[in-house]
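Confidence in the coordinates is treated at the end.

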Amino acid sequence: MIVTYPFSAVVGLADLKLALVLNAVSPRVGGVLVRGEKGTAKSTIVRALAAQLPAVDVVPGCRFACDPGALDPECPDGPHEHGAGGVSRPAALVELPVGASEDRLAGSLDVERALTEGVKAFEPGLLASAHRGVLYVDEVNLLHDHLVDLLLDAAALGRCYVERESVSVRHAARFLLVGTMNPEEGELRPQLLDRFGLTVEVRASRDPEERAEVVRRRLAFDADAEAFAARWAEEESALADRIAAARDRVPGVRLPDARLRQIATVCAAFEVDGLRADLVTANAAVAHAAWQGRDMVITEDVRAAARLSLPHRRRRDPFDAPGLDEALLDELLERTSPDDGPGDDGPDGGPDAGPGSGPDRAPGSDSSGDPGGGGPAGPPPGGDEGSPPDTTGGPADGIQGSPGDGRPNDGSSDPRDDDAGPATPGIGGQVAGAGAPHRVPLLEVPGIGEGAAGRRSRARTRHGRSTGARRPSGQVRDLHLTATMLAAAPYQRGRGRTGPGLLLRTDDLREVVREGREGNLVLFVVDASGSMAARKRMSAVKTAVLSLLLDAYQRRDKVGLITFRGAGAEVALPPTSSVEAGAARLRSLPTGGRTPLAAGLMRAAEVLRVERLRDPARRPLLVLVTDGRVTAGGDVDRAAALLEGTACVVVDCESGPVRLGLAVRLASRLRARLVPLDALADLGCLVRDHRKAV
Ligand SMILES: [Zn+2]
């Protein structure tokens, strides 16, 4: 029995357990995404609770976990005999490693044997193993794109489909998808996010009492491990029994029309896309009612369901923070539940009998109480639907400037203004605002890479368009039929062919060479010195870099941010897939002081060196944003030499009628493409404004 999770002090643990329990009670709820920082034992908790799933009956010997009660006619191990009986085994918990191959996930079909021997040889993948169990993806946000696509297809169809050159295999693959992620390391694609029925946020507790309780438990465990384990084992087996009972109750739970309308009202008010949110909320509310021992859904069930099913569906913009306005939720529920009095909560006594009732219950993390008359009776909603405050750096965001005047003010600028920089060393610097991101031209790394799929630079990929054929290095997976036939043709007579059939040998096989796009590491090196602060230029620079960041998100790049000003350079954002983090660092970036350009370049070279070790296939693109002025130490030539061979773009921030052309010289020294700051913005303000005007 796994008893590790009592030792984690995690805020959101009660929610996490409830989310997993609801999924165990009703598979229709559709999985859980656990979001949280490092060190919260997310994986341990998920594994421990997944072990509570009811056992499944399977056809003996079937590698695809066929249900003897409902045989899969397409099962590759079939056909099975009807009424042959089954064996009971625990529901599988299958872990999908982030770097798994496509074959590992979906299974592999031996094309060679199919073509040369006519045998359909299929090796099942993880999707087959996870059928009727849990598919667990730790760090799901780092999953490769082609695996995400496979996963989405399987989840949508409940089947796994593998086809190679018109030899195909399919089998049932219905699984509970559980993922964990650290949002700091990058967000999920919206389609994948939507695939998770529920989300839960967890974080390490900073509450002394809660931490003390965990230590107390740890001491109890150390004092008498056996007794401790026995106590937890008892709790777990009670939990498993209760899940099984709730599961039996689900088909009989009634969802009254009034509750369905309530769900629709809540989903509409939170501006979720499509109807999936309504469906998931309804299923989760039914599961919650069954879990609480009720035969009818009440407002409390809707509330518990909505809290878990809506936070990730109302996101509109990669820069928006997730989360749900609970005050608004309460208000909506109250407005739409005139018939649910406090007496309507059922005989159960409320949520305390829920999964959070164990000794590890996280104080303060249970907010499912009091859906009746005691809720906050706030003012009636006005025209403002309670939208969260706009944190995306709107016009009023900065100390200086607004998008209208944030652009470099051509024609009135005087290069002497740049002296403002060196004249103010030592001050803390000022923070310029940023305008709304706009579309930017495509900046790419020259040549052809082999990095992770993305949308920036040309690359050999698995899913791009076909550009030729080659001999496969291992097993052939993407057969180029014409090239294979051409390779075999000259040898037909020599091989003794007499009839119409082509005689193929393994070394005739050719596979398709494809070309698509890869994501890159886009490392921004931003001059934040005093010369840049002049004439509100920094606001325009921030807008431009913010736009490039949003662009990088859409192209699935990794991004990093180095700034240099005053005494040296600073890694403001180590390479990450989280654009939010980059945007936040950029917005609060102060400006002022001298311009140590060499320090910025040297720091960039160091970051790139480390990243090359970490992720060798990901090619870097250095975007240097500067006016090229140097007013502090370090040999720029020597620093530039360290970046030899790195693809560079210099965004020239110099403006005004008299220009020194320093950035132009710097660009030629770095063999960089030169892009004037204005040219980045010339494509216009097209990206946003799909948000509701505030
Ligand atoms: Zn089978």
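The accessible surface of the chain in this predicted model comes to about 30,700 Å², and carbon and sulfur atoms account for 52% of that area. Of the 694 residues in the chain, 51% are buried. The secondary structure consists of 22 helices and 22 strands. Taking contacts between residues at least 6 apart in sequence, 81% join residues at least 24 apart.

**Zinc site**

Four residues supply the protein donors of the zinc ion: Cys 62, Cys 66 and Cys 75 through SG, and His 80 through NE2. These donors lie 2.0 to 2.3 Å from the zinc ion, and the spacing of the donor residues along the sequence is C-x3-C-x8-C-x4-H. The arrangement is tetrahedral because the angles subtended by the 4 donor atoms run from 104 to 115°, and four donors count as tetrahedral if all angles lie between 85 and 135 degrees. For four tetrahedral donors the ideal angle is 109.5 degrees.

Two of the cysteine donors have the following relative accessible areas; both count as buried because the limit is under 20%.

| Residue | Relative accessible area |
|---|---|
| Cys 62 | 11% |
| Cys 66 | 3% |

In soluble globular proteins, nonpolar side chains tend to be buried together. Here the largest nonpolar core has 57 residues, and the members that touch the most others are Val 25, Leu 198, Val 266, Phe 270, Trp 291 and Leu 310. Helix 11, spanning residues 276-291, gives the most to this core, with 10 residues.

Which residues does Val 25 contact, leaving aside its neighbours within four places in sequence? They are Ile 243, Ala 246, Arg 247, Val 250, Ala 287, Ala 290 and Trp 291.

**Confidence**

The average pLDDT of the chain is 77, and 80% of the residues score at least 70. Over residues 340-427 the pLDDT stays under 50, and the model has 139 contacts beyond four places in sequence for this stretch. The pLDDT is also below 50 over residues 683-694, a stretch with 26 contacts in the model beyond near neighbours in sequence. Where pLDDT is low, the predicted coordinates should not be read in detail.

Technical notes: Residues are numbered from 1 along each chain as its sequence is written. Side-chain values use heavy atoms; hydrogens and water are left out. A nonpolar core is a set of buried Ala, Val, Leu, Ile, Met, Phe, Trp, Tyr and Cys residues joined through side-chain atoms within 4.5 Å. Buried means under 20% relative accessible area, exposed over 50%, partly exposed in between (1.4 Å probe, protein chains only). Helices (H or I, at least four residues) and strands (E, at least two) are DSSP runs, numbered from the N terminus. Contact means heavy atoms within 4.5 Å. pLDDT is the predictor's confidence in each residue, from 0 to 100. Donors are N, O and S atoms within 2.8 Å of the metal (3.2 Å for Na, K and Ca); water is not among the atoms, so sites may look incomplete. Four donors count as tetrahedral if all angles lie between 85 and 135 degrees; four count as square planar and six as octahedral if opposite donors are over 155 degrees apart and all others between 65 and 115; anything else is irregular. Accessible areas come from the Shrake-Rupley method with a 1.4 Å probe; for residues, only the protein chains shown count as cover.
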